[in-house]
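This briefing covers a pocket and a helix pair. The model is shown below.

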Amino acid sequence: MRTALLLALAALLASCATPAERAAQVEREVEQMITVYGPACERLGYKQETDPWRDCILRLNAQERYERYSRMPTSTTCIGHRGFFHCSTF
């Protein structure tokens with residue numbers, strides 16, 4: 001029993017990402033956003049490598065994510081009794 005618990009704990013810790021790995025993942029995501037949305041922001045008149053251009057990229061990415069996830073089905077669950085409800089939507 002103790003051995004199984006230690007093996008499970010070791011597997012859990014091994015699957016955690018280090019700060020360097022998380023930073024590398026964020027850099028890859030930023031590079032992908034620049035590749036996808038950078039040309040569109042340039043066509044909209046923003047000069048490359050400026051703060052408004054970067055803001056344009058972030059806004060286009062946020063808009064695309066909103067459109068993608070707003071179409072997903074949701075489920076609402078409410079618990080409580082008369083006058084005291086707590087509802088959660090997933």
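Which helix supplies the largest share of the lining of the largest pocket? That share, five residues, comes from H2. The model is predicted: local features need pLDDT of at least 70, side-chain atom pairs count only at pLDDT 80 or more, and totals for chains, interfaces and linings use all residues. Residues are numbered from 1 along each chain as its sequence is written, and side-chain values use heavy atoms, without hydrogens and water.

**Pocket**
- The volume of the largest pocket is about 180 Å³.
- Its lining consists of Glu 29, Gln 32, Met 33, Val 36, Tyr 37, Asn 61, Glu 64, Arg 65 and Arg 68. (Lining residues have an atom within 4 Å of a point on a 1 Å grid; a pocket is an open set of points with protein on both sides within 12 Å along at least five of seven lines.)
- H2 (19-43) and H3 (51-70) each supply at least two lining residues; helices are DSSP runs (H or I, at least four residues).
- By class, the lining has three nonpolar, two polar and four charged residues.

**Helix pair**
- The axes of H2 and H3, lines fitted to C-alpha atoms over the stretch in contact, come within 9 Å and cross at roughly 115°.
- H2 and H3 are therefore roughly perpendicular (65 to 115 degrees).
- Contact (heavy atoms within 4.5 Å) involves residues including Met 33, Tyr 37, Asn 61 and Glu 64.

Terms used:
On a 1 Å grid over the protein atoms alone, a cavity is a set of points where a 1.4 Å probe fits but cannot get out, and a pocket is an open set with protein on both sides within 12 Å along at least five of seven lines; lining residues have an atom within 4 Å of a point. Grid points are joined across faces, edges and corners, and a volume is the space filled by probe spheres set on the points. Ala, Val, Leu, Ile, Met, Phe, Trp, Tyr, Cys and Pro count as nonpolar, Asp, Glu, Lys and Arg as charged, and the others, Gly among them, as polar. Axes are lines fitted to C-alpha atoms, for helices over the stretch in contact, and angles run from 0 to 180 degrees between N-to-C directions. Angles under 35 degrees count as roughly parallel, over 145 as roughly antiparallel, 65 to 115 as roughly perpendicular and the rest as oblique.
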